[in-house]
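Please work through the exercises below with the model in view, trying each task before reading its solution.

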Amino acid sequence: MHPMVNDDGTAKTSERPDAASARAVGDGKARARPRGRPRSFDRETALEKALLVFWEHGYEATSVSDLTRVMDIGAPSLYAAFGDKRSLFEEVVQVYGTGYGSFTGRALAEEPTARAAVERILREAATAYTEPGHPHGCLVVHAAANCSNPEVEQSLRDRRNANIAAFESRIRADVAAGVLPPAIDAAALARHTGAMIQGMSQQARDGASREELEAVAEIALSIWPRTGTHTG
C-alpha cells in the first residue's frame, strides 16, 4: 500500500484535525502552567508557629532555618508568603497584639477609671504571662533582647511607649475629672505602671507563678492615690 501524499509530495498525517487541535490546546495549557508548586500550608497555622518561636527565643536568636523547620515549609514558601524575616516578625507582633497581648487595650477601653484599668491589666498580666501552652512573659518585652536590628528594636520600643502614653492619658483624664488628686505626677505614675508590667513579664520568664505575680500587682496598686469617694 502506498502512503498518502499531499499535492506537494509531503506525507499526509493520519491524525484527525480535531485530535491535532486538542493536542495543541493541551500543549498550550502545559506551557502556560506557572512554575513551582503552589503553597500547601495553612497560613494562619504557620504564622502562629512563627509567633511562638519568636516569643520563646527573640528576634535575633531565631533564624530562618528555625522558622522553616517549625512552620514546616521551605524557605521559598516562607519568603513568598511572608516576605523576609523582619516582615514576618512584624506580622507576628500584629497577631500577638490582637490576641495574647490584647488584654491591655481592652482594659483601657472598658474600665471607667485609670486605676480600674491598671488593676485589671496587672491581674490579667499575672495570668497571661504564666499560663501554660505558650512561652512565659510578653513577646513585645522580650523579643528585642540582644537584637542588632535597630528597626526591630525601635518598633517594639514604640509599642511599649505607646502603652505608657495611654496610661498617662487615662490618668490625666481622671485628674481632670477629680478622680485623682490634681498634684499627682501623671507621667511618673504611668511609667511606674509600665515598669511593673515589664518587670512582671521578666519575673514570669524567670519562673514566678501566677500567685506570686498577683501579690506583686497588689503592692503596685497600693500606691495609687485616691480622692474623696472615688475608689476606681
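**Exercise 1: the span of helix 9**

Task: Work out what span helix 9 (residues 150–176) should have, and compare it with the distance between its end C-alpha atoms.

Solution: Helices here are DSSP runs (H or I, at least four residues), numbered from the N terminus. The expected span is 1.5 Å times one less than the number of residues, so the 27 residues of helix 9 should span 39 Å, which agrees with the 38 Å between its end C-alpha atoms.

This is a predicted model, in which local features need pLDDT of at least 70, side-chain atom pairs count only at pLDDT 80 or more, and totals for chains, interfaces and linings use all residues. Residues are numbered from 1 along each chain as its sequence is written, and side-chain values use heavy atoms, with hydrogens and water left out.

**Exercise 2: the ends of helix 9**

Task: Find which residue caps the N-terminal end of helix 9, and which residue with positive phi follows the helix.

Solution: At the N-terminal end, the cap is N149, with a side-chain oxygen 2.9 Å from the backbone nitrogen of E151. After the helix comes G178, with a positive phi near 80°.

**Exercise 3: confidence**

Task: Find where in the chain confidence is lowest and where it is highest.

Solution: The pLDDT, the predictor's confidence in each residue from 0 to 100, has a mean of 85 over the chain, and 80% of residues reach 70 or more. Confidence is lowest in helix 1 (residues 17–32), at a mean of 45, and highest in helix 7, at 97. Where pLDDT is low, the predicted coordinates should not be read in detail.

Conventions:
Helix = DSSP H or I, 4+ residues; strand = E, 2+ residues; numbered from the N terminus. Polar contact = N/O pair within 3.5 Å; in protein donor to acceptor, adjacent residues only side chain to side chain.
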